[in-house]
Structures are given as C-alpha cells and as structure tokens.
Amino acid sequence: MEKKTKMMFVFLCVQVIHCPAFANTWSIETVSEIKSLVGSCVVLPCTFDYEGHDVASFKMSGSWHTEAKDPEYIYHTDIKKIILSFHGRTKLVGKVGERNCSLEIDKVSVKDKGPYCFRIEITGKGVEIPEKDNYSFKEKYVTMALKGEPEKPMLTYTQFAHAGSAYSVTCSVRHSCPTNHPTLSWDRTDGETIVHYKDIGQGNWEVSSVLTFTPLASDHNTRLTCSAQFFKLNNPQESSITLNVKSEGGAVGVLSIAIPVAAVVVIAIILVGLYKWKISRLN
C-alpha cells in the first residue's frame, strides 16, 4: 500500500511539471520591418498574449527598448528612463491590458532606424511574480525602413467622361501612421467626396478619396489635381489627370449637325445647277 502511495505521488508530480496549465508562455504579433516617413509619424503594430498567471488580478505595463547589451528605452511609463532623443516623441496607442502594444513614434528622424522590441512587466499587489514574467520579445525586433519623400497619390479613373453625366475619380495613397492619416483634397469644389481608410496589413494603411462630379463640355482638356498632405510635412504631394470629356450625345450629336449642313450644301448645288441650266436655255 505504501509503495502504491509513493508511485501515485511521483505520478502527480510529473503531471504538475508537464501540464500546460502551469507553463508560462509568451507570444507576439508584429512586423520585422515597416516603412517610415522622415519628419512624419509611424505606428509600430503590436499585439501580444500571455499564458500563465490569471493576469486579470495583476497590473501589466509595457515598454519599448533598443537592441543592445544594455538596452535603452525609447518608451517607458517612467519618463526618466526614456533616452533624451525620444522624449515627447513616443506613446502607446493601444491598451496593454487589452494585449495591444502598438507604439507611435512622432517626428521620425534619420537616426530612428532601430531595431526595437517590446517588453512586458507584470506586477501583482502583495504577490511576488517571478522575473521570467517580465519579458522582452527579443525574437521579434522591429526595424524601420526610412523614406525621405512621401509617395505621390495614385489616381484611378475611366478614360472618358461624358458632358452632363456623373463622373468619378479615386485618389489614394499609402502610409504607416493610422493615428494621423494623410489628408486628401481636390482642386475642384463642385463635386461630392467620400473618404475611406483601409488596413492593408504589415503596418501599412491606405486612405482614399472618391470625387464624383458632373463635367461640362468646357471641361474637356482641363486638369484635375489631387493633393496628399502628410502629417507634419510642409509640402503636399500632387497627382493630376487631363479630363477627356465627350460632348453630350457623342457621335449622334455630331451627326445631328453634319446631316443638316450636308443637306443645305446639296440643295445649294442643285439650285445653282438649275439656275445655270435656265440661263443656258435663254441664250
């Protein structure tokens, strides 16, 4: 009986050691590289998960730091720990308690390339949490691919517009700062615009503006321009098209003019011929 009791005890110990419910594991979703516009802002997308303690009863805080033997913080809840070059330029745009660790970096500098990683720390009131529950996701560093100039907006449209009929043109541009989207505008004010925002993945976003207006025949060969104003940049980026407006009725309209003119010409020729014939008879 005593032998069976010992064996049962050993069995239970093994179960406790290997049971997944007692294993503390971390996972994170982010990008390895993100395009960033110098002078503007960028958001490093980040979500994480934790399996171990019932974190509902604990306080979690997040920070971001550099890749180094002695890492430097670019964001921390304790402002004194943030390196001077990042003071006032970083903030979490997600809630750590909701597993969102996304970081916004403002006024991106040519020195901000990175890489950077997220760190989570868990503290419990009156409860001692092992150091392994304070974790830096060093296997998921994020690097910024810096761009000196924003891209120009792209215009999507059909080749021909028809005078008197509604015509739509779409202006779109990609960016990586969803907290401060680029502003799109048109040099035409007589139409209606609809703006869309779209997450296209990997930290990239797209903003688009659809302009719908009714062109006139006089709009033929005129320019239509869309401007994209990026956050904290002075010079907007522009793209233009030349409107190709067909007159109302198209070929039918042309024929409606050509046929009467041709008829008049034919009648005139006939009358001239009759006149000459009469003159010749009189002579």
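Select Arg89 and Phe86: the charged end of Arg89 sits over the ring of Phe86, at 4.6 Å from the ring centre. A charge is said to sit over a ring if NZ of Lys or CZ of Arg is within 6 Å of the ring centre and within 35 degrees of the ring normal. Next, select Lys246 and Phe160, where Lys246 lies over the face of Phe160, 4.5 Å from the ring centre.

This is a predicted model, in which local features need pLDDT of at least 70 and side-chain atom pairs count only at pLDDT 80 or more, while totals for chains, interfaces and linings use all residues. Residues are numbered from 1 along each chain as its sequence is written, and side-chain values use heavy atoms, with hydrogens and water left out.

**The aromatic cluster**

Now select Phe48, Trp64, Phe118, Tyr135 and Phe137, which form one aromatic cluster. Rings of Phe, Tyr and Trp (its six-membered ring) pair if their centres lie within 6.5 Å; planes under 30 degrees apart count as stacked, over 60 as edge-to-face and the rest as tilted. By this rule there are six aromatic pairs. The ring centres of Phe48 and Phe118 are 5.6 Å apart and their planes meet at 35°, so this pair is tilted. The pair links distant parts of the chain, 70 residues apart: Phe48 belongs to strand 4 (residues 47-51) and Phe118 to strand 9 (residues 116-123). Strands (E, at least two residues) are DSSP runs, numbered from the N terminus.

Buried means under 20% relative accessible area, exposed over 50%, and partly exposed in between (1.4 Å probe, protein chains only).

Go to Gln237 in strand 19 (residues 237-242). Gln237 is buried, with a relative accessible area of 11%. Leaving aside residues up to four places away in sequence, Gln237 touches several residues, including Glu149, Lys152, Cys226 and Phe230; contact means heavy atoms within 4.5 Å.

Finally, select Asn204 in strand 17 (residues 204-213). At 23% relative accessibility, Asn204 counts as partly exposed. Asn204 touches His175, Lys198 and Asp199, not counting residues up to four places away in sequence.

Key: Helices (H or I, at least four residues) and strands (E, at least two) are DSSP runs, numbered from the N terminus.
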